[in-house]
Amino acid sequence: MFFDKIMGMLPLFKSHYSIGKSILTLDDPSTHKEGGSDSVFSIALENNLKEVVLVEDSLTGFLQAKKNADKLNIKLIFGLRINMREDASIDPKNEKMSSAHKIIIFSKNSEGCKTLNNIYSEAFTKNYNCVDEKILKKHWNKDNLLLAIPFYDSFIYNNLMKFSNCTPSFKFCDPIFFIEDNSLPFDNFLATKVKEYAQSKKYKTEATKSIYYKDKKDVSAFQTYRCITSRSFGGLKTLSKPNLDHFGSDEFCFQSWKIKNEKKVSAAK
């Protein structure tokens, strides 16, 4: 298995380089100041994590993440979360129904990092900030890249929750489907549908948890950050009326992963 160093549930970290999505930084733990933002690498060091799985919405923070991972002797597994559509060359405004959904492309090695950069460049310079099957097939090498389907914002999620009608083709690879439980009302229902689809296609699934802040108490700081960075048609969002997705839970934190993962590992023994 590609993710082979961490037992139990796989933690998927995201940093502030994914603007508006996380309050965690990629700072060197030795530079941390009291009262400052928590770093992904401080958390890894404190909890003796031998690898960090980082899922970002851009490549901007990759060099800092790689530098600090190497310094701390931590294996970095980097994944790019990006939109996939039926045809990346067509302006989304001209689609009768949006086919956009999120995928995660992981680099397995240095060659994979180069390919990931090429895919990212093509998506954001030649197309409408997205990829399609044609682009992925052109660049794909299973020895260098791994495709994963996130639990939220996937085509399955969009079809169920947003009434989309999208069935992408993954004939060029064998994707892994991530499954999460963050105590949101629809998590169990969505997990059932993801498992059914993956089983029907003989794809593997992986238990994961998205991590955007360190402890449950940090959810207020995260909500404030999201309100500042997120705009709506009525202007800035407010704490009294945040209107933010997935804020019925404080489970998107490392503290929750640690508690649940320890139970999962103990149960497996």
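Trainee: Why is the contact between Lys71 and Asp28 called a salt bridge?

Mentor: In this predicted model, the side chains of Lys71 and Asp28 come to 2.4 Å, N to O, and because a salt bridge is a side-chain nitrogen of Lys or Arg within 4 Å of a carboxyl oxygen of Asp or Glu, the pair qualifies. Side-chain atom pairs count only at pLDDT 80 or more, and local features need pLDDT of at least 70, while totals for chains, interfaces and linings use all residues. Residues are numbered from 1 along each chain as its sequence is written, and side-chain values use heavy atoms, with hydrogens and water left out.

Trainee: How do you know whether Lys71 is buried or exposed, and what about Asp28?

Mentor: Buried means under 20% relative accessible area, exposed over 50%, and partly exposed in between (1.4 Å probe, protein chains only). Lys71 has 55% relative accessibility, so Lys71 counts as exposed, whereas Asp28 has 13% and is therefore buried.

Trainee: What makes the contact of Lys21 with Asp57 a salt bridge?

Mentor: The closest N and O atoms of Lys21 and Asp57 are 3.0 Å apart, which is within the 4 Å of the definition. Lys21 itself has a relative accessible area of 29%, so Lys21 is called partly exposed.

Trainee: Why is Glu46 called exposed, and which residue does Glu46 meet in a salt bridge?

Mentor: The relative accessibility of Glu46 is 54%, so Glu46 counts as exposed. The side chain of Glu46 meets that of Lys214 in a salt bridge at 3.1 Å, N to O.
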